[in-house]
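Please read the points below with the model open beside you, and look up each residue as it is named. They are meant as a careful colleague's note for someone new to reading structures.

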Amino acid sequence: MSDQLTKDDVAKLLSDPSPNSRSELAVKVARQFSASALSDSERRLAEDIIRFMARDAVVRVRQSLAENLKANPALPRDVALMLARDVEAVAIPVLSVSTVLTDADLVEIVRTGTDAKHTAIAQRPALSASVADALIDTASEGAVAALVANESADLGERTLGRVIERFADSEAVQEPLVQRARLPITIAERLVAVVSEKLQQHLVTNHDLPAKVAADLILQSRERATVSLFTGESDEGALERLVAQLSRTGRLTPSLLVRALCMGDVAFFETALSHLANVPLTNARLLIHDAGRLGLKSIYDKAKQPPALLPACRITLDVLKETPYDGEAHDIERHRRRVIERILTQYEDLAAEDLDYLLDKLGDLMRAEAD
């Protein structure tokens with residue numbers, strides 16, 4: 001069969017209405033339409049035939065057309081929409097890759113389409129945030145699982161948060177979510193609380209979290225795991241969002257602040273007090289590190305933290321200032337060990353849970369230095 005579109009092809013289409021003939025011609029027309037050498041009149045003729053075939057009563061004919069035109073950027077939008085709204089066998093090839101369809105077109109199909117169509121859209125390259133949001137609002141568990149597995153989809157922090165809210169009990173969605181190449185820290189923190197033990201291990205492995213987090217997660221201690229999750233966070237905006245999220249969910253506890261500070265996470269302590277006291281972060285830092293020592297008490301009291309833990313915070317901040325990193329192997333572990341040792345020897349009012357936690361951490365750090 002020649003690849004050239006001729007008047008004889010049109011005559012054959014009119015004289016031989018068999019599905020086989022029309023399906024063959026659909027392939028030929030689609031291939032010819034993709035060629036760059038068509039004249040204006042030839043392209044208009046090809047478009048007319050494509051529109052005619054897109055209304056063919058036989059699914060196989062429309063499917064042949066869709067398969068061969070799905071990636072063609074010159075496909076008329078009205079034809080692309082016609083095919084995308086068709087039965088699944090016709091629509092899915094176009095929904096999967098066609099760049100002719102706009103975000104508005106895709107959102108409309110998400111709202112009216114089937115689960116198979118949703119899944120095809122979810123797997124599109126470079127899927128936009130607006131279409132992703134529509135899928136999360138409307139689509140089934142399987143389609144949303146396909147969406148979060150799509151690394152090229154534009155899934156921001158808020159969008160991923162909505163995924164967790166809607167599918168908090170779905171391992172089918174959680175597994176590809178945990179396995180994404182990068183997760184915002186607030187999303188990682190929320191996942192700690194909802195995923196299974198198996199997926200917790202994926203979370204640790206895939207996102208380069210410290211090995212200690214794995215043991216903390218197995219113990220199902222959300223607060224302990226959180227300390228390690230945010231340790232080292234350098235994005236100030238992300239850290240502020242994490243603190244705000246912990247505050248909303250009631251997990252920004254005094255104990256958590258002290259534990260984080262003992263592990264050397266001054267940035268988290270500063271951001272947390274800034275949030276709780278409703279003081280700008282720059283001002284909070286000046287008060288916390290005030291050499292006159294009244295600044296820390298003033299912001300600590302404004303943040304409505306328990307007076308009994310203030311000495312522990314003061315001791316920890318003093319040790320952090322007095323004990324710089326030495327640059328040798330395991331210097332971070334030694335630095336943290338000195339902080340915890342000073343707390344344990346100079347402060348006797350720690351709750352039993354906090355005392356156990358710091359003793360566990362001290363043992364871990366001493367073992368790390370010995371290795």
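1. In this predicted model, the largest nonpolar core is made up of 60 residues, and those with the most contacts inside it are Leu95, Ile121, Leu135 and Leu147. Helix α10, which spans residues 141-149, gives the most to this core, contributing 6 residues. As background, nonpolar side chains in soluble globular proteins tend to be buried together.

2. Leaving aside residues up to four places away in sequence, leucine 135 touches Val110, His118, Ile121, Ala122, Leu127, Val144, Leu147 and Arg166. There is also a second, separate core, which has 38 residues and includes Leu256, Val258, Leu296 and Leu320.

3. How do two of the helices pack? Helix α13 (residues 185-194) and helix α17 (residues 236-248) pack at an angle of about 35°, and their axes are 8 Å apart. On the α13 side, Ile185, Thr186, Glu189 and Arg190 take part, and they meet Ala238, Arg241, Leu242, Gln245 and Leu246 of α17. Sorted by class, this contact of α13 with α17 has 4 nonpolar, 2 polar and 3 charged residues.

4. Is serine 23 buried or exposed? Serine 23, which is found in helix α2 (residues 19-34), has a relative accessible area of 9% and therefore counts as buried, since the cut-off for that word is under 20%.

5. The side chain of serine 23 makes a polar contact with the side chain of serine 64, at 2.9 Å. Not counting residues up to four places away in sequence, serine 23 touches Arg60, Val61 and Ser64.

Terms used: Residues are numbered from 1 along each chain as its sequence is written. This is a predicted model: local features need pLDDT of at least 70, side-chain atom pairs count only at pLDDT 80 or more; totals for chains, interfaces and linings use all residues. Side-chain values use heavy atoms; hydrogens and water are left out. A nonpolar core is a set of buried Ala, Val, Leu, Ile, Met, Phe, Trp, Tyr and Cys residues joined through side-chain atoms within 4.5 Å. Buried means under 20% relative accessible area, exposed over 50%, partly exposed in between (1.4 Å probe, protein chains only). Helices (H or I, at least four residues) and strands (E, at least two) are DSSP runs, numbered from the N terminus. Contact means heavy atoms within 4.5 Å. Axes are lines fitted to C-alpha atoms, for helices over the stretch in contact, and angles run from 0 to 180 degrees between N-to-C directions. Ala, Val, Leu, Ile, Met, Phe, Trp, Tyr, Cys and Pro count as nonpolar, Asp, Glu, Lys and Arg as charged, and the others, Gly among them, as polar. A polar contact is a pair of N or O atoms within 3.5 Å; within protein, one must be able to donate a hydrogen and the other to accept it, and residues adjacent in sequence count only if both atoms are side-chain atoms.
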